[in-house]
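Hi,

Here is the structure I promised to pass on to you. Have a look at it first, and then read on for my notes.

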Amino acid sequence: MFIHACLGKNEKGHMTIGGVDTVSLAEQYGTPLYAMDEATIRENCRIYKEALRDAYGEDSLPLYASKAFSCKQIYRIAAEEGIGIDLVSPGEMYTALKAGFPMEKAFFHGNNKTDADLRMSIESGVGYIVVDNTDELTALERIASEMGKVQKILLRITPGIDPHTHQKIITGNVDSKFGNAIVTGQAMAIVKAALACENLTLEGLHCHIGSQIFDCDPFDDAASIMIGFIADIKKETGKEMHFLNLGGGFGVRYVEEHEPIDYAKNIRAIASHIKALCEEKGVHLPAVLMEPGRSIVAASGITLYTVGSVKEIVGFKKYVSIDGGMPDNPRYALYQSPYSVYTANRLNEKAEYTCTIAGRCCESGDLIAEDVTIAKPVRGDLLAVTTTGAYNYSMASNYNRIPRPPVVMIQDGDSYVAVARESYEDLIRNDR
């Protein structure tokens, strides 16, 4: 019935997450409510960690992509599981610091890091800064020199790959705001500039081709280009790269039609390809990093809503309105992202009511899903939208002055608050 193992149905016909009744969660914490299964998150961390180390050696590591879901608890979990983290803002960096994460395992990204960002990252002890462009390289060399520090860096390279995913989440094309293109010569130019810096140590290269990718071919294509470039660097400069960061991008199942992915199997397949390339090109096998975010947390999460009105427009659509919407999940409005939806308190009833799930905002585009088939709900029923652990809380807003929902973690059959619900007082806290 469910596409993720953390979800189930109990004897009352209610949906469960991590064995906990969602109706009980809604009664205890209210709705809208994000609920996440901690065991699923930890299991995914271990899958990536073990597969990468088995394939490439001890220095290879998954870096949890913070943008998928950032709060202090997720960094505590990452630290306990022994993985690294990928940061893309000073806010994420500050959160990780406050959570006590070992910052030597942190990698700081971004296409427009300010001088203040760069200084903060050095002061915070960030292990590696992924330099995006020559302006940033120059600024970082100056700041590191002023601070009397030597900073380890990776360089973001654009391989020129189309991963055949949604256009708004492609990042590896030549025409991209990210990185330095190989085909234009800019990638080799920034490599040589980095090697000439006295306060920066070039440790490797980074690329990221996009998100929600379901097969290995785009990663193999990117690896072929990147290993070829590493060989060119060795030939022109004598420098070999210790790290190759292949970025993130493995997809997750949002609906039944999406094929399940064996992440460990894919990692092994890509490793076989990379090892053959390294032997062919005469370079040593780099330690390989990956940046899973969505594939670590997405499947662990659901969002619970209370049904308000059920409206049928004769000859047109049926609308089921909920007490949340685009402020807690803007992905459908942005990307038309598909979701699986359930009437969580009535799973024993047949799903035969096809409808559109509408949010509460004063906005026609405030929808969560269209043409989904569920057990017909009535006012007060509980709706569950699954696979919302990634890019829901992290992209949430206060549009229409609606407070953000809390995040509740499920652990060993119990629940705890990881992020508290915002209050109306929180909404006006910074008003003057």
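**Strand E9 and its partners**

Strands E8 (residues 128-131) and E9 run parallel and are joined by three bridges. Please keep in mind that this is a predicted model. Within that pairing, Ile129 has Ile153 in E9 as its bridge partner. If you follow the chain here, E8, helix H6 (residues 134-147) and E9 make up a β-α-β unit, and this unit is right-handed.

E9 also pairs with strand E11 (residues 200-206): six bridges join the two, again in parallel. There, Gln151 stands opposite Leu200 in E11. Strand E10 (residues 180-181) is another parallel partner of E9, with two bridges between them, and Thr158 has Ala181 in E10 as its bridge partner.

How covered is E9 itself? Seven of the eight residues in this strand (residues 151-158) are buried, which leaves E9 mostly covered.

Elsewhere, three strands form an open sheet with antiparallel pairing, in the order E1-E2-E3. Its edge strands are E1 (7-9) and E3 (20-21), each of which pairs on one side only. Three bridges connect E1 to strand E2 (residues 15-17) in the antiparallel sense; one to look up is Gly8, whose bridge partner in E2 is Thr16.

**The second largest pocket**

This may be of interest for your own work. The second largest pocket holds about 420 Å³ of space. Helix H2 (38-56), H9 and helix H10 (294-297) are the elements that each give two or more residues to its lining. In total, 23 residues line the pocket, and those nearest its centre are His4, Thr40, Asn44, Tyr263 and Ala299.

What classes of residue make up the lining of the second largest pocket? There are 13 nonpolar residues, along with five polar and five charged ones.

Is Asn266 buried or exposed? Asn266 counts as buried because its relative accessible area is 11%, and the cut-off for buried is under 20%. Apart from neighbours within four places in sequence, Asn266 is in contact with Cys216, Phe250 and Ile261.

Happy browsing, and do write back with any questions.

Best wishes

Technical notes
Residues are numbered from 1 along each chain as its sequence is written. This is a predicted model: local features need pLDDT of at least 70, side-chain atom pairs count only at pLDDT 80 or more; totals for chains, interfaces and linings use all residues. Side-chain values use heavy atoms; hydrogens and water are left out. Buried means under 20% relative accessible area, exposed over 50%, partly exposed in between (1.4 Å probe, protein chains only). Helices (H or I, at least four residues) and strands (E, at least two) are DSSP runs, numbered from the N terminus. Two strands pair if DSSP finds at least two bridges between them. A crossover is right-handed if, with the strands pointing away from the viewer, the path from the first strand over the helix to the second runs clockwise. Contact means heavy atoms within 4.5 Å. On a 1 Å grid over the protein atoms alone, a cavity is a set of points where a 1.4 Å probe fits but cannot get out, and a pocket is an open set with protein on both sides within 12 Å along at least five of seven lines; lining residues have an atom within 4 Å of a point. Grid points are joined across faces, edges and corners, and a volume is the space filled by probe spheres set on the points. Ala, Val, Leu, Ile, Met, Phe, Trp, Tyr, Cys and Pro count as nonpolar, Asp, Glu, Lys and Arg as charged, and the others, Gly among them, as polar.
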